[in-house]
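Subject: Handover of a structure for your study

Dear colleague,

Please find below the structure that I am handing over to you. My findings follow it, and I would ask you to read them with the structure open beside this message.

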Amino acid sequence: MATAFLSTANSFFPSSISPSTSSSCSSSSSSSSSLGTALVYLNNQNVQRRTLCKAFNESPPPTPALTKRGFSLCFITSLVLAAGNGCSNAIAAILEADDDEELLEKVKKDRKKRLERQGVISSSGQEKGYLQDVVYKLSEIGQAIDNNDLSTASSVLGGSTDTEWVKNANVAFNKLSSSPEEKTQVETFNSSLASLISSVTKNDVESSKVAFVTSATAFEKWTTLTGLVGQLKGL
């Protein structure tokens with residue numbers, strides 16, 4: 001039986017090819033077919049990747065917003081590329097002129113503000129009189145505190161922030177203060193003056209000295225910011 005089965009099986013193969021050889025060839029053919037399919041798939045994937053990369057690289061970048069100076073720089077860069085290094089001096093001159101124009105505009109604005117401020121100050125004779133009174137008051141208060149004479153300091157201060165000289169000072173502050181820095185100094189002056197009155201009333205010499213220095217410093221800074229420092233006597 002076994003001999004008959006082997007004899008029948010051998011009849012399916014040519015005499016020069018053994019069953020084992022046929023099986024090996026069949027396996028190699030199947031493997032070659034699978035490998036070929038895989039290579040075709042990978043090649044298609046590479047083609048798709050190259051297509052996507054090319055489309056991405058060729059897509060136009062977003063156009064940035066250009067300022068006036070940025071536009072000038074772009075234009076000048078194009079001139080450099082077109083004409084070479086011979087344009088360096090011309091480019092420097094253009095950039096310098098652009099900077100000079102911006103600086104000139106700033107100077108004009110600052111000068112305009114300064115003239116407007118001088119006009120307000122010139123028409124504020126009464127307010128300057130109020131401020132001159134503040135200078136005199138602070139001088140008297142400072143001398144009294146320095147001599148530990150809080151009784152005299154209290155009489156000059158008036159006992160509260162509702163006294164006439166303090167109210168008049170704030171009228172001048174409100175009219176002549178325009179910038180946030182100036183208004184900050186006014187707030188500092190008023191708060192420290194209130195502390196000064198309280199300390200003097202309590203007969204606290206050290207606290208009075210600290211509050212006085214803070215008040216006087218804030219007032220001096222305010223006059224410097226507003227341009228009044230040279231128009232008031234005693235500063």
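Predicted model: local features only at pLDDT ≥ 70, side-chain atom pairs only at ≥ 80, totals over all residues.

The overall picture

The protein chain contains nine helices and zero strands. Of its 235 residues, 23% count as buried.

Helix H8

Helix H8 covers residues 180-201, which makes 22 residues. From its first C-alpha to its last it reaches 32 Å, close to the 32 Å expected at 1.5 Å a residue. Which residues of H8 are buried? They are Glu 182, Gln 185, Val 186, Phe 189, Ser 192, Leu 193, Leu 196, Ile 197, Ser 199 and Val 200. These residues lie on the same side of H8, because they cover an arc of only 160 degrees around the axis. On the other side of H8, the residues Pro 180, Glu 187 and Thr 201 are exposed.

Asn 190 also lies in helix H8.

A second pair involves Val 200, one of the buried residues of H8. The C-alpha atoms of Val 200 and Thr 152 are separated by 9.7 Å, while the two residues are 48 residues apart along the chain. Thr 152 belongs to helix H6, residues 150-157, and counts as partly exposed at 34% relative accessibility.

Helix H9

Helix H9 runs over residues 205-226 and has 22 residues. Its reach from first C-alpha to last is 32 Å, close to the 32 Å expected at 1.5 Å a residue. The buried residues in H9 are Ser 208, Ala 211, Phe 212, Ser 215, Ala 218, Phe 219, Trp 222, Thr 223 and Thr 226. Why do they lie on the same side of H9? The reason is that they cover an arc of only 135 degrees around the axis. Glu 206, Val 210 and Val 213, on the other side of H9, are exposed.

Helices H5 and H7

Helices H5 and H7 pack with their axes 9 Å apart, at an angle of about 130 degrees. This angle makes H5 oblique to H7. The crossing in which H5 passes H7 is left-handed.

How many salt bridges were counted? The count comes to one. This salt bridge is formed by Glu 127 and Lys 175, whose closest N and O atoms are 3.6 Å apart. The pair links distant parts of the chain, as Glu 127 is in helix H5 (residues 125-146) and Lys 175 is in helix H7 (residues 164-176), 48 residues apart.

Yours sincerely,
A colleague

Note on methods. Residues numbered from 1 in each chain as written. Heavy atoms only, no water. Salt bridge = Lys/Arg side-chain N within 4 Å of Asp/Glu carboxyl O. Helix = DSSP H or I, 4+ residues; strand = E, 2+ residues; numbered from the N terminus. Expected span 1.5 Å × (residues − 1). Buried < 20%, exposed > 50% of the residue type's maximum accessible area, 1.4 Å probe, protein only. Arc of directions from axis to C-beta. Axes fitted to C-alpha atoms, helices over the stretch in contact; angles between N-to-C directions. Parallel < 35°, antiparallel > 145°, perpendicular 65-115°, else oblique. Left-handed = near helix turned anticlockwise from the far one by under 90°.
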